[in-house]
Amino acid sequence: HEIIGFEILNLEEQLTLGQLMDRDIKKFALEIDEISSTATNETSLERMLDKLTKIWKKLEFEVLPYKDKKNVYIIGSVDDIITQLDDSLVTISTLLGSRFVKPIKTQVEDWQGKLSKFQDTLDAWIELQRSWAYLENIFSGPDIAKQLPNEDRLFQIVDKFYRELMKSCA
């Protein structure tokens, strides 16, 4: 309306190409082309973000039983998740680097924060699991509890936390 001087989207009336030509719409071709190009690029970015969100809604951890122990679980391979996380962070960076991101910038920044927190959490979780598994092997022997009672007590606290966390995850 502001560029061409009249309203195009009046749903009550039908607008024909002849009417547009009568109003000399072609003299606004550059402006219309710029609007169309911007809208196309914005839509492309929205689709990229939509694809990213759909992937993360379906992505699941692999949770496996730990050894032969009842109700004890560990996270399985996270290689696919890490690959998807890396790809998603690249996508977010691409989106934020685009001059057409403005309409969805808040959503993109929200996802950037979520993925960053997830990355930190996953790194900590993997480290916890690695340390727990190492210590679980050590403290599963009966002699260790007698030799290192303070350390055994501390491990039992961590062990209980980890087992409950992973049971909940499973």
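**Salt bridges in a predicted model**

At 8% relative accessibility, Asp 159 counts as buried (under 20% relative accessible area; exposed is over 50% and partly exposed lies in between, using a 1.4 Å probe and protein chains only). Welcome to a predicted model, where local features need pLDDT of at least 70, side-chain atom pairs count only at pLDDT 80 or more, and totals for chains, interfaces and linings use all residues. Residues are numbered from 1 along each chain as its sequence is written, and side-chain values use heavy atoms, leaving out hydrogens and water.

**The overall picture**
- Searching the whole structure turns up 7 salt bridges (a side-chain nitrogen of Lys or Arg within 4 Å of a carboxyl oxygen of Asp or Glu).
- A network of salt bridges links Lys 67, Lys 69, Glu 136, Asp 159 and Arg 163.

**Within helix α6**
- Asp 159 pairs with Arg 163 in a salt bridge, with the closest N and O atoms 2.9 Å apart.
- Both residues sit in helix α6 (residues 149-169), 4 residues apart, or about one turn of the helix; helices are DSSP runs of H or I with at least four residues, strands are runs of E with at least two, and both are numbered from the N terminus.
- Arg 163 is partly exposed at 25%.

**Between helix α4 and a loop**
- Glu 136 and Lys 69 form a salt bridge whose closest N and O atoms are 2.4 Å apart.
- Glu 136 belongs to helix α4 (residues 105-139) and Lys 69 to the loop between β1 (63-65) and β2 (73-75), so the pair ties together parts 67 residues apart in sequence.
- Glu 136 is buried at 3% relative accessibility, while Lys 69 is partly exposed at 28%.
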